Amino acid sequence: MILKSAYFYNAEIFTTVDSKKLHASLDGINRIYLPFTSFTDDETISVLKRINAEKIAVLPYINKGTAQKFFQNNFKSICDTADGFMIENIGDLIFLSELFSTHGITGKLLCGDYSLNVYNAETAAYQAASGL
């Protein structure tokens with residue numbers, strides 16, 4: 001099965017484009033990637049809930065400081081809408097695992113960005129065993 005994905009760098013399109021045009025442009029799309037902050041905006045969440053595709057919250061490449069604190073503080077509400085998470089660095093795998101455990105969250109899809117750089121079988125095996 002071929003998955004068709006759409007990656008959005010911001011969620012502005014979801015609140016500025018006519019609903020019919022938006023749904024037509026997403027026809028056949030199985031998965032949508034959006035910055036995790038998109039899953040904290042009520043207007044965007046309302047639109048996302050009407051879209052029949054997996055919604056993936058993308059963590060920032062450098063996830064520390066205020067961005068990480070914001071994510072931690074909003075994790076439960078992000079999980080209400082997001083079907084999964086995409087990480088861009090291996091440190092976020094541990095970070096997310098701890099949050100899942102702390103909040104009792106299970107069944108979320110984990111995706112790895114190309115920047116995880118799987119160069120050998122050992123790295124691929126580790127990431128697969130980690131749920132990526």
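Is L48 buried or exposed? L48 is buried, with a relative accessible area of 0%. Buried means under 20% relative accessible area, exposed over 50%, and partly exposed in between, using a 1.4 Å probe and protein chains only.

This is a predicted model, in which local features need pLDDT of at least 70, side-chain atom pairs count only at pLDDT 80 or more, and totals for chains, interfaces and linings use all residues. Residues are numbered from 1 along each chain as its sequence is written, and side-chain values use heavy atoms, with hydrogens and water left out.

**View 1. L48 and its contacts.** L48 is found in helix α3. Helices (H or I, at least four residues) and strands (E, at least two) are DSSP runs, numbered from the N terminus. Not counting residues up to four places away in sequence, L48 touches F14, L34, F39, K55 and T81. Contact here means heavy atoms within 4.5 Å. G65 lies 17 residues from L48 along the chain, and their C-alpha atoms are separated by 27 Å.

**View 2. The largest nonpolar core.** A nonpolar core is a set of buried Ala, Val, Leu, Ile, Met, Phe, Trp, Tyr and Cys residues joined through side-chain atoms within 4.5 Å. The largest one has 31 residues, of which F14, I32, I51, F71, F75, F85 and L96 touch the most other members. Two or more residues come from each of β2 (31-35), α3 (42-48), α4 (65-81), β4 (84-87) and α5 (91-103). The most come from α5, with five residues. A second, separate core has five residues, including Y33, I56, V58 and M86. In soluble globular proteins, nonpolar side chains tend to be buried together.

**View 3. Around F75.** Leaving aside neighbours within four places in sequence, F75 is in contact with F85, L96, L99, F100, H103 and I105.

View 4. Five strands form an open sheet in the order β1-β2-β3-β4-β5, with parallel pairing. Two strands pair if DSSP finds at least two bridges between them. The edge strands, β1 (5-7) and β5 (109-112), each pair on one side only. Neighbouring strands are turned by 25° against each other on average, direction ignored. Axes are lines fitted to C-alpha atoms, for helices over the stretch in contact, and angles run from 0 to 180 degrees between N-to-C directions. Parallel pairing of β3 and β4 spans three bridges. Within β4, G84 stands opposite I56. Helix α4 lies across β3 and β4, at about 130° to β4. Helix α5 lies across β4 and β5, at about 155° to β4.

**View 5. The R31–E54 salt bridge.** The model has one salt bridge, defined as a side-chain nitrogen of Lys or Arg within 4 Å of a carboxyl oxygen of Asp or Glu. R31 pairs with E54, their closest N and O atoms being 2.7 Å apart. The pair links distant parts of the chain, 23 residues apart: R31 in strand β2 and E54 in strand β3 (residues 54-58). R31 is buried at 13% relative accessible area, whereas E54 is partly exposed at 29%.

**View 6. Two cysteines without a disulfide.** The disulfide count is zero, where a disulfide is a pair of cysteine sulfur atoms within 2.5 Å. For C79, the nearest cysteine sulfur is that of C111, 14 Å away. C79 is buried, with a relative accessible area of 6%. C111 is buried too, with 8%.

**View 7. K20 in helix α2.** K20 sits in helix α2 (residues 19-25). K20 counts as exposed, at 70% relative accessibility.
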